[in-house]
Amino acid sequence: MFTLLDREKKKKTIYQEMTGSGMSRRQFLKLCATIAAVLGLDFSQTDRVVQAMEREEKLPFIWLHYQDCTGCSESFIRSSHPTAGDLLLNYISLNYHENLTAAAGEATERAKKETMEKYKGKYILAVEGSIPRDEFFIAGGRTAAEQVREAAANAGAIVAIGSCATHGGIAAAHPNPTGAMRLQDVIPDKTVIQVPGCPPISEVMAGVVVHYITFGTLPELDHRGRPKAFYSQRIHDTCNRRAYFDAGLFVESFDDENAKNGYCLYKVGCKGPTTYNSCAQLRWNGGISFPIQSGNPCIGCSEENFWDNGPFFTRQAHLPGLSKPLNPDQVGAIAVGAAVAGVAVHATATAISKKRTNNTVDREEKKGENMHV
Ligand code: FSX
Ligand code: SF4
Ligand code: F3S
């Protein structure tokens, strides 16, 4: 547990920063309620968010970049709950970020050093990108691994942001010419919050930040170090096309009638059944859409080795939880079998089954089999 209170310096609290920049008390309370909801907190815990904002100062951040495309930073600054503006202006003090801090060169290096000294044990270290072998990165006479270890030594929390930092990412694709490593490989003795996704959903990082400010602790993590609130469900579990999967209605090629009808993308390679992330619930760009909703199969960008698990648009041979490979043509038949056995059928499925009657796909129907996909 820590507190960011530093009375001697008489710095403003987050609440003071917010209201000082024109936010009304009412807007502030509304924002706290939204944040609590994004964090998956009980409504009664909104008070704790409010109190933390009224009590705590901005959280100092050091954000390091290595082998990446900067998509994680791009995603982060598009957070909508809280908004990027809220995050950058009110919650965090981005003391070092190669693209976003206004200063450059020695001034930023100084800011980084000062942050590490002044906020020992308090600052958040975010690392984006994989870490190359020593010979591929030298800045200021120091290798990437040396820089990471130095910044990690006294960080209050460490976040691997994006699949490159959590798993190696594109740079680690076979034959991994730079020896790209995960952040955790470089600092094996440290707890690293893993936020996979290429890029990750901005609200996840925002959620981690606000949780840390509110409770002074890391959010609950799963066995792979990912925040449970965002990575405990498969895309497939909450996908807007799921009813089509259950009804056995699939897109066969990207330009067919089934694609126009918005059917399930499993046969054109969707990895939603094996991918854990919140894309289908939170969606992207302020909740507007996500890859599958926009017609593109999930490529499993938050799973290990997704870059080498291609080709992306070929259907998966196996689904987890099934003892034998799935024949998608049988899925609808299986759903029908389950219905005959007395399983309640959702209204959406009923609507879809009408469409299915008109569908020309010829498939053999099997009854009585059950499956968990
Ligand atoms: Fe890019 Fe980040 Fe992918 Fe990697 O995101 S969006 S290549 S996860 O490190 O910049
Ligand atoms: Fe959605 Fe993909 Fe699952 Fe189909 S296979 S329901 S498109 S996640
Ligand atoms: Fe990535 Fe799949 Fe979400 S490709 S962005 S995990 S829908």
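Is Y266 buried or exposed? Select Y266: its relative accessible area is 1%, so Y266 is buried (under 20% relative accessible area; exposed is over 50% and partly exposed in between, with a 1.4 Å probe and protein chains only). You're looking at a predicted model, where local features need pLDDT of at least 70, side-chain atom pairs count only at pLDDT 80 or more, and totals for chains, interfaces and linings use all residues. Residues are numbered from 1 along each chain as its sequence is written, chains are lettered from A and ligands numbered from 1 in the order written, and side-chain values use heavy atoms, leaving out hydrogens and water.

Next, the rings. The structure holds twelve aromatic pairs (Phe, Tyr or Trp rings, Trp by its six-membered ring, with centres within 6.5 Å; planes under 30 degrees apart are stacked, over 60 edge-to-face, the rest tilted). Show F245 with Y266: the centres are 5.9 Å apart and the planes at 85°, so this pair is edge-to-face. F245 is buried too, at 1% relative accessibility.

Jump to F306 and F312, a stacked pair at 6.4 Å centre to centre and 25° between planes. F306 is buried at 5%, while F312 is partly exposed at 27%.

Last stop: K112 lies over the face of Y96, 4.7 Å from the ring centre (the test is NZ of Lys or CZ of Arg within 6 Å of the centre and within 35 degrees of the ring normal).
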